[in-house]
Amino acid sequence: MRPDQYAHMSDEELLAFYYADNDNRWLGILLQRYTLLLLGICMKYLRNEEEARDAVQQVFIKVLTNTNRFQVESFRSWVAVMARNYCLMQLRGKGGKTVEMQDKMAHTKAEDAEERLAHLEKDRKLELMQESMQDLSNEQQQCLTLFYLEKRSYQEIVDQTGLSITQVKSHIQNGKRNLKIAIDKKINSR
């Protein structure tokens, strides 16, 4: 299979073919498109090329075994979240004692440990954001995802969703506000 022969097809088209016939080759084409993205995400978190490559393989397996259980709309965003979550689980699986482990290593500086903790905290907030997205209306979820994650313009969102420009702006503005409220509730309840 030559990946370039499917270059003209969008992720959505490939997913539609997968859901229609459950043939993993469609997922294979999608995964091939995003291998470098996944490797970059895994390197960012794990900071070890061999571990990152192993993580990418594990994400591939998760995608192949889990995609048919979900109705994935944005493959790129979904697979990136899967990679990030997998890496976070790997870091937590090491005992969650990142700072202690780093302090024991002679070549690791205190700034590196603080930076890693800051990344973990940021990732926790991203997890809360992902959970809180489920509290929004479908239109708000869709508009926020297209605008912020897929970097689409207002006009592109209008064209894709059939909503008016006023509705798109309203869903983005209200979605941001509702997302912040939902995240704050989750933070304060913990």
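Modeller: The buried residues of α1 pack against α2 and α5. Keep in mind that this is a predicted model. The buried residues of α1 are D11, L14, L15 and Y18. Looking down the axis of α1, these residues fall within an arc of 100°, so they line one face of the helix.

Now follow the chain out of the helix. Just after α1 comes N22, with a positive phi of about 55°. N22 is not a glycine. It sits in the loop between α1 and α2.

R47 has a positive phi of about 55° and is not a glycine. Its place is the loop between α3 and α4. R47 counts as partly exposed, because its relative accessible area is 39%.

Back to the packing. The largest nonpolar core has 34 residues. Within this core, C42, V59, V63, F75 and V79 have the most contacts. Helix α1 (11-21) gives two or more residues to the core, and so do α2 (24-33), α3 (35-46), α4 (49-66) and α5 (75-93). The most comes from α5, which gives ten residues. Leaving out residues up to four places away in sequence, V59 touches L38, V79, M82, A83 and Y86. Another core lies apart from the largest one. That other core has 13 residues, including M133, L136, V168 and L179.

Next, the cysteines. A disulfide is a covalent bond between the sulfur atoms of two cysteines. A search of the whole structure finds zero of them. C87 is buried, because its relative accessibility is 0%. C143 is buried too, because its relative accessibility is 0%.

Then there is the open space. Rolling a probe the size of a water molecule over the atoms shows where empty space is left. The largest pocket holds about 1600 Å³ of space. It is lined by 38 residues, and S77, V81, M133, T145 and L149 are the closest to its centre. The elements that give two or more residues to this lining are α3, α5, α7 (110-133), α8 (138-149) and α10 (165-188).

Finish with a residue of α8. Q140 lies in this helix. Q140 counts as buried, because its relative accessible area is 10%, and the cut-off is under 20%. Which residues does Q140 touch, not counting those up to four places away in sequence? They are H171, N174, G175 and N178.

Note on methods. Residues numbered from 1 in each chain as written. Predicted model: local features only at pLDDT ≥ 70, side-chain atom pairs only at ≥ 80, totals over all residues. Heavy atoms only, no water. Core = buried A, V, L, I, M, F, W, Y, C linked by side-chain atoms within 4.5 Å. Buried < 20%, exposed > 50% of the residue type's maximum accessible area, 1.4 Å probe, protein only. Helix = DSSP H or I, 4+ residues; strand = E, 2+ residues; numbered from the N terminus. Contact = heavy atoms within 4.5 Å. Arc of directions from axis to C-beta. Disulfide = S-S within 2.5 Å. 1 Å grid on protein atoms, 1.4 Å probe; cavity = no way out; pocket = protein on both sides within 12 Å on 5 of 7 lines; lining within 4 Å. Points joined across faces, edges and corners; volume = space filled by probe spheres on them.
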